[in-house]
Amino acid sequence: MIKTEHLSKRYASLVAVDDVSFEVSPGEVLGFLGPNGAGKTTTMRMLAGFVAPTAGRASICGHDIERDPIAAKSVLGYLPEGAPAYGEMTVRGFLEFIADLRHLTNNRRARLDYVISRLQLESVLQQSVETLSKGFRRRVGLAQALMHDPPVMILDEPTDGLDPNQKHEVRTLINEMSRDKIIVISTHILEEVDAVCNRVIIIARGRIVADDTPQGLAGKSRYHNAVSMRLEHPEELAATRAALAALPAVAEVEVSEREARLTALPRAGAAVLSAVSELAARQGLALKELHLESGRLDEVFRTITA
């Protein structure tokens, strides 16, 4: 388990993290979100033992980060922001170095082979780290975090710099690891939250402002249970908007002329899908698309962190 109690970090008059408390249990993939400067990276650095808190405490699998740092770090895999590494080393040399630091003996070769294969590093093993692309550096960073098969992983922007195929591979890996690990991910990519996280904490101005499932957060969106449609004939936008706005359950209608899209937002507690579907059938609208929205995390994020 990861546990933080009243964790705070101050730099002179700047309060970077302010009285943060939460727990993360095995099987949870926690998405740690917040705008730039909110305190995400500082919190993760304190959890990883790289920054000492001003107040409060944190523990990893029962090991206090400050009182028992070696034991805490031995059960932790950490991918820092920017995935720093020794640039002059080759990829193989760096991974061998990490294996030495982690005191891998009996399963050393198996773990090296696994992380090299799983992160698809075979083609760059003899290159120096400083010559790698941003994407490959990120993959090397993930490899070192995975090397000792830790029960807890803290990953700061794990897919930053990766192409779409590589992002898919990393997200698949995270989903596989989540069966028996605790994983905390800092990310700016909200689609990543939907793809891998089963819990979300949002931090703003150093304090936790939301702690919920992705579905729970989406349910707080004004777009929760909204109905979106795209018309085959854009010239019908104005008339269709007026008809939708006249429905008793509809609070507001948004229009995107570029996409020929209308979105009917429901009044509090109302359901609009059946009414919108009946209207479309009654007016004989030719639709390219009609779907019920679960909510929009980006809109909830903006509202909570404003």
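## Charges over rings

The charged end of Lys73 sits over the ring of Phe50, 5.7 Å from the ring centre. A second case is Arg296, which lies over the face of Tyr223 at 3.6 Å from the centre of that ring. Here, a charge sits over a ring if NZ of Lys or CZ of Arg is within 6 Å of the ring centre and within 35 degrees of the ring normal.

A word on the model: it is predicted, so local features need pLDDT of at least 70 and side-chain atom pairs count only at pLDDT 80 or more, while totals for chains, interfaces and linings use all residues. Residues are numbered from 1 along each chain as its sequence is written, and side-chain values use heavy atoms, with hydrogens and water left out.

## Aromatic pairs

Searching the whole structure turns up three aromatic pairs. Rings of Phe, Tyr and Trp (its six-membered ring) pair if their centres lie within 6.5 Å; planes under 30 degrees apart count as stacked, over 60 as edge-to-face and the rest as tilted. One of the pairs is Phe22 with Phe32: the ring centres are 5.9 Å apart and the planes meet at 40°, so this pair is tilted. It links distant parts of the chain, with Phe22 in strand E2 (residues 14-24) and Phe32 in strand E3 (residues 29-33), 10 residues apart. Helices (H or I, at least four residues) and strands (E, at least two) are DSSP runs, numbered from the N terminus. Both Phe22 and Phe32 are buried, where buried means under 20% relative accessible area, exposed over 50% and partly exposed in between (1.4 Å probe, protein chains only).

For Tyr86 and Phe97, the ring centres are 5.6 Å apart with planes at 80°, so the pair is edge-to-face. Tyr86 lies in the loop between strand E6 (76-79) and helix H3 (91-101), and Phe97 is in helix H3, 11 residues apart. Tyr86 is partly exposed because its relative accessibility is 45%; Phe97, at 25%, is also partly exposed.

## Helix H1

Seven of the eight residues of helix H1 (residues 40-47) are buried, so the rest of the structure largely encloses this helix. Among the buried residues are Lys40, Met44 and Leu47. Just after H1, Gly49 adopts a positive phi of about 85°.

## Around Ile174

Ile174 belongs to helix H6 (residues 164-177) and is buried, with a relative accessible area of 2%. Beyond its neighbours within four places in sequence, Ile174 is in contact (heavy atoms within 4.5 Å) with Val29, Leu155, Pro158, Ile183, Ile185 and Val196.
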